[in-house]
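User: Hi! Could you walk me through the core and the helix packing of this structure?

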Amino acid sequence: MPNRDYHQERREYDYTELSRDELSSDPFKQFTHWMDQALANQILDPTAMSVSTVDNAGQPHSRVVLLKESDDTGLVFYTHYDSDKGQQIAQNAKAALLFFWPQMDRQIRIEGTLEKVSVEQSERYFHSRPRDSQLAAASSQQSAVVPGRKTLEQNYAIQEQLYELVEVKRPELWGGYRLIPNRFEFWQGRPNRLHDRFVFEKQPAESHQAWSIDRLAP
């Protein structure tokens, strides 16, 4: 393919600054504060996050999913347990999340370990989804190779007919994961690439503080 030069594709980051005094001592509260600001500023898809997992050959894989819940235990998203990501998580439960909001020159990196949420929680969320989303989940063997678009539409139509008069059943292999964080990084873009970066790292139970906080060089 012909060479494409993107060296001059750049802009300055001057939305705001991030000082140590502004940070909460609790990274979950800091995350919620930034998420609330993103929602208030009507950022496009503020809950979209890249989820990175690693397969048993050591190859990383990333894809974008939507955050559905967060609290002081972790962050929750939903998928098929037999998908590529589900199989990778079964082999290695360590994962990383990345939120990027270019309109606010911000990104949040979160690392930790994934665990499945309860069946009851997955059931509640599944049945709260729009019916067409339920049918799509029931009709798709996520990540499997298919001959073409027509196969997807035919499978959807089969499920639509099957559940025409009854509630859609949650697929047994569809449900939620919770990332339990041990590391957060909050990045605020700044002019001249002198960005503000603060990292929170989980401390041992016997420590006098739950999280350490350090500024990182940009």
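**Cores and helix packing**

Analyst: Happy to. In the largest nonpolar core, which has 32 residues, Phe-31, Phe-99 and Ile-110 touch the most other members. Such a core is a set of buried Ala, Val, Leu, Ile, Met, Phe, Trp, Tyr and Cys residues joined through side-chain atoms within 4.5 Å; buried means under 20% relative accessible area, with a 1.4 Å probe and protein chains only. This is a predicted model, where local features need pLDDT of at least 70, side-chain atom pairs count only at pLDDT 80 or more, and totals for chains, interfaces and linings use all residues. Residues are numbered from 1 along each chain as its sequence is written, and side-chain values use heavy atoms, leaving out hydrogens and water.

User: Which element gives the largest share of this core?

Analyst: Helices (H or I, at least four residues) and strands (E, at least two) are DSSP runs, numbered from the N terminus. Elements that give two or more residues to the core include strand E1 (48-54), strand E5 (94-101) and strand E7 (174-188). The largest share, five residues, comes from H1.

User: What is Phe-31 in contact with, leaving aside its neighbours within four places in sequence?

Analyst: Contact means heavy atoms within 4.5 Å. Helix H1 spans 27-40. The partners of Phe-31 are Leu-67, Ser-70, Leu-75, Phe-99, Ile-108, Ile-110, Phe-184 and Phe-186.

User: How many residues are in the second, separate core?

Analyst: This core includes Tyr-125, Phe-126, Leu-135 and Ala-137. Leu-135 and Ala-137 are among the buried residues of H4, and what covers the buried residues of that helix includes E4, helix H3 (119-128), H5 and E7. The second core has ten residues.

User: At what angle do helix H4 and helix H5 pack?

Analyst: Axes are lines fitted to C-alpha atoms, for helices over the stretch in contact, and angles run from 0 to 180 degrees between N-to-C directions. Helix H4 covers residues 131-139 and helix H5 residues 149-162, with their axes 9 Å apart. The angle is about 115 degrees.

User: What percentage of the 218 residues in the protein is buried?

Analyst: The protein has five helices and nine strands, and its C-alpha atoms fill a box of roughly 55 × 55 × 40 Å, taken along the principal axes. Buried residues make up 38%.

Note on methods:
Buried < 20%, exposed > 50% of the residue type's maximum accessible area, 1.4 Å probe, protein only.
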